[in-house]
Amino acid sequence: MQCIRPFPSDHLIVGLGVSLTDAHWARIEPLLPDRAPKRGGRWRDHRQVIDAIAFKYRTGTPWMDLPEQFWSWKGAHNRLRKWAADGTWEKIFTALLARADAEGDLDWVVAVDSTIVRAHQHAAGARQKGPRSASADRALGRSRGGLTTKIHLAADSHCRPLAFVLTPGQAGDAPAFTQVMTRIRVPRPTGRPRTTPDVVLADKAYSSRAIRAHLRPRGIRAVIPQPSDQIAKRKRKGGVGGRSPACDREAYKRRNTVERCINKLKQWRGLATRYDKTATIYLAGLHLAAIFIWSAR
């Protein structure tokens, strides 16, 4: 006898923490596009659709199994896809960063790290466009553990994400550092957007001359400890090796903020395991989670 699980009630959906509260909605609503599309009829209510997409990513539910309270799953999926393609999700995320900065709620002590996400078998099989490799197009890599994606990100001192970069799972951390720093871009009411933190905290994987050379001319203080092999190599060179770069141990204790940010993101089961075939859609899911984090402040 087959046991059919009933759809969750509205009370359960709210209890999962994936429904927009009135406070969330008040911050997000002014940033959303007009409801009427360029062609066709009216769109479904933005709030209902965002709740549906958030439920899918928060629980890891397949699209076709979305609860009936959310109406058609195709409408929610199409909205996610369209807003991912035209950059709407990232624009909302950036606008929330700009508002926090204007209100003095964004300090510029930034921690950088990465995390590996296992890709479900449903994430494979997307059509390849152009001559580029599938791993470059879809940010999927294959190792002993199977298909994986690596999320490189920066977070502020309150464990909130500032930028994301996706690479195949086998990619190194240091080569993606410059891309992550480039993605930090917070608009301001006047002048150019701010792109340079005051301090960057990172672990030993980011200890390289290239990274320090990238930060130094921009006036960004690097708090990055050296691994033991680099220290030993410098000592073997004697006076030619120069002095070891300084690392503020007290400031370094705050590097855990990016790890705690990763933990927040991985509470969304659809992000802790990747089910999306394309990197564009998966990145949109990350931006959606970040929007919930920033709108809850």
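Author: Two strands pair if DSSP finds at least two bridges between them. Strands here are DSSP runs of E of at least two residues, helices are H or I runs of at least four, and both are numbered from the N terminus. This is a predicted model, where local features need pLDDT of at least 70, side-chain atom pairs count only at pLDDT 80 or more, and totals for chains, interfaces and linings use all residues. Residues are numbered from 1 along each chain as its sequence is written, and side-chain values use heavy atoms, with hydrogens and water left out.

Reader: What makes E1 and E3 a pair?

Author: Eight bridges join strand E1 to strand E3 (residues 146-155). The pairing rule asks for at least two. The two strands run antiparallel. Within E3, Lys 150 stands opposite Ile 116.

Reader: Why is E1 called largely enclosed?

Author: Buried means under 20% relative accessible area (exposed is over 50%, partly exposed in between; 1.4 Å probe, protein chains only). Nine of the 11 residues of E1 (residues 109-119) are buried, so the rest of the structure largely encloses this strand.

Reader: Why does His 287 count as buried?

Author: His 287 sits in helix H13. Its relative accessibility is 6%, so His 287 counts as buried. Beyond neighbours within four places in sequence, His 287 is in contact (heavy atoms within 4.5 Å) with Trp 89, Glu 90, Phe 93 and Phe 164.

Reader: Why is H3 called roughly perpendicular to H13?

Author: Helix H3 (residues 46-59) packs against H13 (residues 279-295) at about 105 degrees, axes 11 Å apart. Roughly perpendicular covers 65 to 115 degrees (under 35 is roughly parallel, over 145 roughly antiparallel, the rest oblique). So H3 is roughly perpendicular to H13. H3 contributes Ile 50, Ile 53, Ala 54 and Tyr 57, and H13 contributes Ile 281, Gly 285, Leu 288 and Phe 292. By class, that contact has seven nonpolar residues, one polar and no charged.

Reader: What pLDDT does the protein average?

Author: The average is 85, and 83% of the residues score at least 70, on a confidence scale from 0 to 100. Over residues 1-17 the pLDDT is below 50, and this stretch has 20 contacts in the model beyond near neighbours in sequence.

Technical notes:
pLDDT is the predictor's confidence in each residue, from 0 to 100. Axes are lines fitted to C-alpha atoms, for helices over the stretch in contact, and angles run from 0 to 180 degrees between N-to-C directions. Ala, Val, Leu, Ile, Met, Phe, Trp, Tyr, Cys and Pro count as nonpolar, Asp, Glu, Lys and Arg as charged, and the others, Gly among them, as polar.
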